[in-house]
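I opened this notebook page to record what I looked up in the model, element by element. The entries follow the order in which I checked things.

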Amino acid sequence: MEAMVFLLSLIDCCALIFLSVYFIITLSDLECDYINARSCCSKLNKWVIPELVGHTIVTVLMLVSLHWFIFLLNLPVATWNIYRFIMVPSGNMGVFDPTEIHNRGQLKSHMKEAMIKLGFYLLCFFMYLYSILND
């Protein structure tokens, strides 16, 4: 059963890694003016909820399977994803809004957040892989 928990977490983590890379590529395309802000934000907003659901599934799975350290490691990122989704101002297109993405360094902060999440998901990937091999 333990191996199945970590296998599911590993597969989910792979999807989250690919999603983080997609966010980084799309945001860098916006930064280099290869795409406009509206199409960039609509592409990224389409994947905010799947990222939220994917990471929340892993966090709840670790809680249910009583892997406290991994649960506590995942909890801040899951909480941040939920907070960011809930706190979208009314009238905005979503977490990524084309009218605000170039204001106040938001593009840089979104890029930094995507890089941090990529590093976190890579750390989790190797942790889950190690847990599968040690089971």
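Which helix gives the largest share of the lining of the second largest cavity? I looked this up and found that α5 does, with three residues. Before going further I noted that this is a predicted model, in which local features need pLDDT of at least 70 and side-chain atom pairs count only at pLDDT 80 or more, while totals for chains, interfaces and linings use all residues. I also noted that residues are numbered from 1 along each chain as its sequence is written, and that side-chain values use heavy atoms, with hydrogens and water left out.

**Entry: overall layout**

I counted five helices and zero strands in the protein, where helices (H or I, at least four residues) and strands (E, at least two) are DSSP runs numbered from the N terminus. Along the sequence the pattern reads α-α-α-α-α, and the C-alpha atoms fill a box of roughly 50 × 30 × 20 Å along the principal axes. Of the 135 residues, 44% are buried, a word I use for under 20% relative accessible area, with exposed meaning over 50% and partly exposed in between (1.4 Å probe, protein chains only). I then looked at contacts (heavy atoms within 4.5 Å): among those between residues at least 6 apart in sequence, 77% join residues at least 24 apart.

**Entry: the second largest cavity**

I went back to the second largest cavity, which holds about 30 Å³ of space and is lined by C13, L16, H55, V58, N74, Y121, C124 and Y128. For the terms, a cavity is a set of points on a 1 Å grid over the protein atoms alone where a 1.4 Å probe fits but cannot get out, a pocket is an open set with protein on both sides within 12 Å along at least five of seven lines, and lining residues have an atom within 4 Å of a point. Grid points are joined across faces, edges and corners, and a volume is the space filled by probe spheres set on the points. Helices α1, α3 and α5 each supply at least two residues of this lining. By class I recorded six nonpolar, two polar and no charged residues, taking Ala, Val, Leu, Ile, Met, Phe, Trp, Tyr, Cys and Pro as nonpolar, Asp, Glu, Lys and Arg as charged, and the others, Gly among them, as polar.

The lining of the largest cavity consists of F23, L27, R84, F96, H110, E113, A114 and K117, with α5 giving the most, four residues. That lining has four nonpolar, one polar and three charged residues.

The largest pocket has a volume of about 300 Å³, and of its 15 lining residues I noted R84, M87, V95, Q106 and H110 as lying nearest its centre. Both α4 (68-86) and α5 (106-134) supply at least two residues of the pocket lining, and the lining divides into six nonpolar, five polar and four charged residues.

Is S20 buried or exposed? S20 counts as buried because its relative accessibility is 3%. S20 lies in helix α1 (residues 2-31), and beyond its neighbours within four places in sequence it is in contact with A114, K117, L118 and Y121.

L63, in helix α3, is partly exposed, with a relative accessible area of 34%. Leaving aside neighbours within four places in sequence, L63 is in contact with W68 and F71.

**Entry: the record**

The unreviewed UniProt entry annotates residues 5-25, 52-75 and 114-133 as "transmembrane region"; its positions are given in the numbering used here, feature names are shortened, and annotations may be inferred rather than shown by experiment. I found residues 5-25 to be 100% helix and 0% strand, with end C-alpha atoms 30 Å apart. Residues 52-75 are 88% helix and 0% strand, and their end C-alpha atoms are 12 Å apart.
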